[in-house]
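I opened this entry to look up strand pairing and charged side-chain contacts. The notes follow in the order I took them.

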Amino acid sequence: MTSSQQTPEPHGHTHSHGPAAPVSQHLRRVIAAVVIPFAAAVVVGLLVLWPGGAPGHERTGVGFDRQTEQGEVVKVEKVNCKDVNAAQVPPTGDTSTPEGREAVNAQQGSCKRATIEVTSGKEKGRTFTEVIQPDAPRQLGEGQGVVVAYAPDAPRDLQYSVTDVNRKLPMALLAGIFALTVVLVGRMRGLMALVALAISFAVLTLFILPAILQGSNPLVVAVIGASAIMLIALYACHGITARTSVAVLGTLISLLLIGLLGSLFIGWASLTGNTDDNTGLIHGLYPDIDMSGLLLAGVIIGSLGVLDDVTVTQTSAVWELHQADPSMGPRALYRAAIRIGRDHIASVVNTLVLAYAGAALPLLLLFSIAQSSVGSVANSELVAEEIVRTLVGSIGLVASVPVTTALAALVVSADRPGTPAAATLGTSGPSPASAASPGSPPSPSPSPSPVRGRGRRRKK
């Protein structure tokens, strides 16, 4: 009894562990018929809209649109604020306003005079001084690297000014720790994820941003760029397989839904996308840019990263469930995988909302200080943009779970009879006549085993 019943076990072990069984040739052709034209359309879109670099413009000297150089603080000395005229007390002596109180505090304190040396550019080695008030949020120390703004049209004594500190070393060190952690834990998968991340950043900086600046439709550019990032990231990290292709299709459908909902509600809510100094500067430099379209493009690109995570997880869950129990049909697979998806939905939506709330925390704090009602806060364009961005992205993420799960369940179930392993189980065993012949080896097919078992029990 033991010999005849143990023969199918190697096949069962093959199904339970290791990579997913390869899909049939017919199903591969069906998936390729959908994915290859889509990938070809993305490549054509990249070639047609490729910008060839950002358009040039004359610098305004406002905000980020300034010429900057590197500098270093070579000397810091304490001085009396009155001597350097760091702040002017209002002639009336009124300290009821924040400006008046700040001026009085500045004159009563001890200021610092920093000498900064320019360490890059044509005037490398030139020095200038800058007064730092005692209540300034950024204090400078000797040997500290800084970023200085250069205004060539200003008087010589005012051409340079400190705009920020140099954070390149800690940022580079943190990026190195991140990359090392990803490779140590993820190994080859982690390395490929870093490669995909670098390619995604290249698509963003070399295609999406310059194409929008050159006047191309931001929505079209975002869809093409996001599709390119999706194809490169998913196939590079997870391999060119049917499972990855199903995740690609689920992500694409969800992106289309996000684009449609975003376009509808951004237009309905009359969101202009021009809400702060940075967007105002962009609109001033490039008035032909559709700022509401730029807002929609940001919604699509911002949702892509979390969408990839959801669709890949759901597809893998369906494949693993099928390997654990190959007899499960599409409905059973869907019901089992959607239970996993519901847990994923709860965590992802909470993560997305908290991420946007964390980014807008200073703004929300201002509204709280002003004691504004929830309705007035939500109605302001600054907050309404974030609400639309969060809810549209969350709807797309939630919808991606049943869509991807259903696609994966249909694909893996339709492929079940044609997998090489199933074909082996059905054809590799000897014919019933040979199995019944005396002296023949035990058949690997499962059907003769119970017959032989019952025969032995009768002899007992």
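I looked up glutamate 77 and found it partly exposed, at a relative accessible area of 29%. The model is predicted. Its salt-bridge partner is arginine 113, with N and O 3.1 Å apart. The two residues are 36 apart in the chain, glutamate 77 in strand S1 and arginine 113 in strand S2. Arginine 113 is partly exposed too, with a relative accessible area of 27%.

I then checked how the strands pair. S1 (residues 67-80) and S2 (residues 110-118) are antiparallel, with 9 bridges between them. Valine 76 has alanine 114 in S2 as its bridge partner. S1 also runs antiparallel to strand S4 (residues 145-150), over 6 bridges. There I noted glutamine 67 bridged to tyrosine 150 in S4.

Next I took the salt bridge between arginine 156 and glutamate 123, at 3.8 Å from N to O. Arginine 156 sits in the loop between S4 and strand S5 (160-165) and glutamate 123 in the loop between S2 and strand S3 (127-132), so the contact ties together parts 33 residues apart in sequence. I have arginine 156 as exposed at 54% relative accessibility, and glutamate 123 as partly exposed at 24%. Glu123, Arg126 and Arg156 form a salt-bridge network.

Last, I looked at glutamate 386 and arginine 389, whose closest N and O atoms are 3.4 Å apart in a salt bridge. Both are in helix H13 (residues 381-414), 3 residues apart, about one turn of the helix. Glutamate 386 is partly exposed at 23%; arginine 389 is buried because its relative accessible area, 16%, is under 20%. I logged a count of 6 salt bridges.

Notes
Residues are numbered from 1 along each chain as its sequence is written. This is a predicted model: local features need pLDDT of at least 70, side-chain atom pairs count only at pLDDT 80 or more; totals for chains, interfaces and linings use all residues. Side-chain values use heavy atoms; hydrogens and water are left out. Two strands pair if DSSP finds at least two bridges between them. Helices (H or I, at least four residues) and strands (E, at least two) are DSSP runs, numbered from the N terminus. A salt bridge is a side-chain nitrogen of Lys or Arg within 4 Å of a carboxyl oxygen of Asp or Glu. Buried means under 20% relative accessible area, exposed over 50%, partly exposed in between (1.4 Å probe, protein chains only).
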